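These are my notebook entries on one structure.

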Amino acid sequence: LGINRAGNWEEFNEALRPYVAPSQNFVYADAEGNIGYVAPGRFPIRSDGHSGLYPVPGDGSRDWRGWVPYAEWPRVLNPEEGFIVTANNKVTPKGYPYNLSLEWAEPYRAQRIREMIEAGGTNLTAEDMVRIQLDRRSLLFGDFRPYLERLDLDYGRAREWRERLLAWDGVARPGSREATLFAAWYSELTRLPEKEVGEDHWSEPRYLLNALKNGDRNCGEGERACLEYAARAFEGALERFEGGVPEWGEEHEAVFEHPVLSATPLSRLTDRSVPFGGDSSTVNVGSYDLENFVMDSGPSYRQVLDLSRPDRSLYVHPMGQSGNPLSGNFDDLLPLWREGGYLPMRMDGYDVGARLVLKPDG
């Protein structure tokens, strides 16, 4: 409520002062052209040598030493470069005195946003922001591509698909078969530390890239052991699709389960699924289960705000504005969301179908 009522940067920050958890990325912009960012919350100051990732003795020696002061939260106003990028990536700069987290999202999405902004120059428009939001170029693939070139593959079909994948532009479109094969290869690669960590898949790109570059004991002995493992993984990925590699959207679906009725026989009437593109590294994110490729998170809401002309702002969210499966507004926005469409964020001039007034009891 305080943010909604804030009239400037100072009031915006003051509204966040009592914020506790969970920490979020709050971005700020106003009609005067100011932009800002702040990550609020009660971040514990831990004792030296205690990262927070592992259990420690409960004898008081590792107790928290208070909270990171409000004035020292990660914060920026009108940075020199003229823009702010936030995509769950690490936001603390080198030399920041506090350890807020050791589990940031990989920097791929933030890196791609930065690339597109810098390529657009100083005259970016709302349409450019839409293009950035909908971008599906996988920088994850870009990092693994050099190792794909070095694989020794045993049979012709694997070599043919390797060449096809090397020629791929890295855009994970719903109709891309290359996106499907890369996802399957990456899924097989994430099995590398299975015996060590006790999990079927260990999705840590930096670990896998380091293994391919420098070797890893889980691959076995020898300079090329991890490349040999990657070659077997590539061939295993192809064997998964003996009848032909399907389009990415056939394997990679966004699933919408009704929060109440999904666990009932009515789920066939209430639940929806649609083909979708992207992966965990794309700006138009499409994170998925490494076992079956079904999306487990994605863009639940998109908006582009134009503070010079608020009536030109855009938004869209999946499904619809009603949770009632019998309503025409239950899933009418789903096709628009899937195809990258938007609605105008009109402030007036629209029809009100029904008005609900909530009054306190008594």
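Entry 1: I looked up Arg112 and found it buried, because its relative accessibility is 13%. I take buried as under 20% relative accessible area, exposed as over 50%, and partly exposed as in between, with a 1.4 Å probe and protein chains only. Arg112 forms a salt bridge with Glu115, with the closest N and O atoms 3.3 Å apart. My salt-bridge criterion is a side-chain nitrogen of Lys or Arg within 4 Å of a carboxyl oxygen of Asp or Glu. Both residues lie in helix H3, three residues apart, about one turn of the helix. Helices (H or I, at least four residues) and strands (E, at least two) are DSSP runs, numbered from the N terminus. Glu115 is partly exposed, at 33% relative accessible area.

**Entry 2: ground rules.** The model is predicted: local features need pLDDT of at least 70, side-chain atom pairs count only at pLDDT 80 or more, and totals for chains, interfaces and linings use all residues. Residues are numbered from 1 along each chain as its sequence is written, and side-chain values use heavy atoms, with hydrogens and water left out.

**Entry 3: other salt bridges.** Side chains of opposite charge can pair when their charged atoms come close. I searched the whole structure and found 20 salt bridges. One of them joins Arg206 to Glu106, with the closest N and O atoms 3.2 Å apart. This pair links distant parts of the chain: Arg206 sits in helix H9 (residues 205-214), Glu106 in the loop between E3 and helix H3 (108-120), 100 residues apart. Arg206 is exposed, with 55% relative accessible area.

I then checked Asp169 and Arg173, whose side chains meet in a salt bridge at 2.8 Å, N to O. Asp169 is partly exposed at 33% relative accessibility. Arg173 is partly exposed too, at 39%. Which residues are linked in a network of salt bridges? I noted Glu81, Arg114 and Glu118.

**Entry 4: aromatic pairs.** A pair of aromatic rings is described by the distance of the centres and the angle of the planes. I counted rings of Phe, Tyr and Trp (its six-membered ring) as paired if their centres lie within 6.5 Å; planes under 30 degrees apart are stacked, over 60 edge-to-face, and the rest tilted. The whole structure gives 22 aromatic pairs. Trp64 and Trp67 have ring centres 5.6 Å apart and planes at 70 degrees, so they are edge-to-face. Trp64 is partly exposed at 48% relative accessibility. Trp67 is partly exposed at 42%.

Next I took Phe144 and Tyr186: their centres are 5.5 Å apart and their planes at 85 degrees, so this pair is edge-to-face. It links distant parts of the chain, with Phe144 in helix H5 (residues 139-149) and Tyr186 in helix H7 (residues 177-189), 42 residues apart. Are Phe144 and Tyr186 buried or exposed? Both are buried.

**Entry 5: charges over rings.** My test was NZ of Lys or CZ of Arg within 6 Å of the ring centre and within 35 degrees of the ring normal. The charged end of Arg42 sits over the ring of Trp67, 5.5 Å from its centre. The charged end of Arg136 sits over the ring of Phe276, 4.8 Å from its centre.

Entry 6: Ile45 is in the loop between E2 and E3. It is partly exposed, at 22% relative accessible area. Leaving out residues up to four places away in sequence, Ile45 touches Trp64, Arg65, Gly66, Trp67, Val68 and Tyr98. A contact is heavy atoms within 4.5 Å. Glu188 is in helix H7. It counts as buried, because its relative accessibility is 18%. With the sequence neighbours up to four places away left out, Glu188 touches Tyr229, Ala233, Gly236 and Ala237.

**Entry 7: the chain as a whole.** I noted 13 helices and eight strands. The C-alpha atoms fill a box of roughly 70 × 60 × 50 Å along the principal axes. Of the 362 residues, 38% are buried. Among contacts with a separation of 6 or more, 58% are between residues 24 or more positions apart.
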